[in-house]
Amino acid sequence: PVDGGEYGGECGGEERGGGAAASPTGIEPALVYPPDPGFAARWNEAVDAAVAQVGVDHTLRAYEALECTPRAASDLALFALACMDRDKGLIMAKDIMVASQRLLGDTYVRALSGVSTLELCMVVAMSRLHRFRRKAVFNFNHVEDELKNMAANDFLGDAGRARAPTLSRAFEGLLAMGLVEAQTGGVGAGLGGAVTLRRSRGHGGHKHWREIQLLLTDEEVATAVGKHPNKPAGLSELLTHEGVRQTTAGC
């Protein structure tokens, strides 16, 4: 929101010239918004109306779940301002939507395109659980079974031969990057249902991960797989074909 205090008087009129000469840094004061007494109120009303829309609220919550930091908030605000129609002079719902969706997609794809091959294959397995098994949430055993199904005929190489401890460490990496969320059995969940990486000792480790949710869309997974430098041949086809034999026939 815009502060409707004394900035309007300081930034407007002839005082700007005098302020520039007196500035110890030599930087002229910036015109933050028009020196209109009612502009701050109109701006804040426009922002309130924009974020109150259902689509905007949902997108902002998704962005917050990915990265809830002052830097992320400032990036979103600046991007929304860059999208704003200068002729209208007020922020609109579509400006916030475009900014948040662009930042969300870029962040997810950039993060996933830099993970290990095993982590990438695990994300593809989760996407397949969503696409073909119609599972919005699932547990670690579901992911492990789907990965084994994808690894038929040694299709995934070393990633397909990974044992449970290695899969567990790879999954922790995905959790730490914010690409997935999960609850842990026997341990309280993090803020807003987010994961806590602690696990009960002596109880099988990964078996306590439950209610896993992939935070990327299927389209973002496909884009990241396409950009990954070390993806197994044919991995992209596993995102669009349920049967492993069908996708590996030409490999």
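User: How many aromatic pairs does the structure hold?

Analyst: The structure holds two aromatic pairs. Rings of Phe, Tyr and Trp (its six-membered ring) pair if their centres lie within 6.5 Å. This is a predicted model, where local features need pLDDT of at least 70, side-chain atom pairs count only at pLDDT 80 or more, and totals for chains, interfaces and linings use all residues. Residues are numbered from 1 along each chain as its sequence is written, and side-chain values use heavy atoms, with hydrogens and water left out.

User: Why is the pair of Phe39 and Trp43 called tilted?

Analyst: Planes under 30 degrees apart count as stacked, over 60 as edge-to-face and the rest as tilted. The planes of Phe39 and Trp43 stand at 35°, so the pair is tilted. Their ring centres are 6.0 Å apart. Both residues, Phe39 and Trp43, sit in helix 3 (residues 39-51), four residues apart, about one turn of the helix. Helices (H or I, at least four residues) and strands (E, at least two) are DSSP runs, numbered from the N terminus.

User: What makes the pair of Phe140 and Phe171 edge-to-face?

Analyst: The planes of Phe140 and Phe171 are at 80°, so this pair is edge-to-face. The ring centres lie 5.3 Å apart. The pair links distant parts of the chain: Phe140 belongs to helix 8 (residues 140-150) and Phe171 to helix 9 (residues 164-176), 31 residues apart. Both Phe140 and Phe171 are buried.

User: Why does Asp218 count as buried?

Analyst: Buried means under 20% relative accessible area, exposed over 50%, partly exposed in between (1.4 Å probe, protein chains only). Asp218 has 12% relative accessibility, so Asp218 counts as buried. Asp218 is placed in helix 10 (residues 218-227). Not counting residues up to four places away in sequence, Asp218 touches Ser127, His130 and Arg131. Contact means heavy atoms within 4.5 Å.

User: Is Leu156 buried or exposed, and how do you know?

Analyst: The relative accessible area of Leu156 is 5%, so Leu156 is buried. Leu156 lies in the loop between helix 8 and helix 9. Leaving aside neighbours within four places in sequence, Leu156 is in contact with Cys121, Leu147, Met150, Ala151, Pro232 and Leu235. Leu156 and Thr117 are 39 residues apart in sequence and 9.0 Å apart in space, C-alpha to C-alpha.

User: Why are helix 7 and helix 9 called roughly perpendicular to each other?

Analyst: Angles under 35 degrees count as roughly parallel, over 145 as roughly antiparallel, 65 to 115 as roughly perpendicular and the rest as oblique. The axes of helix 7 and helix 9 cross at roughly 80° and come within 9 Å. Helix 7 and helix 9 are therefore roughly perpendicular. The axes are lines fitted to C-alpha atoms, for helices over the stretch in contact, with angles from 0 to 180 degrees between N-to-C directions.

User: Which residues make the contact between helix 7 and helix 9?

Analyst: Helix 7 contributes Leu118, Glu119, Met122, Val123 and Met126. Helix 9 contributes Thr166, Leu167, Ala170, Phe171, Gly173 and Leu174.

User: Which residues touch the most other members of the largest nonpolar core?

Analyst: Met122, Met126 and Phe171 do, in a core of 58 residues. Helix 7 (residues 117-131) supplies the largest share of this core, nine residues. A nonpolar core is a set of buried Ala, Val, Leu, Ile, Met, Phe, Trp, Tyr and Cys residues joined through side-chain atoms within 4.5 Å. Beyond four places in sequence, Met126 touches Phe138, Val143, Phe171, Leu174, Val180, Ile212 and Leu214.
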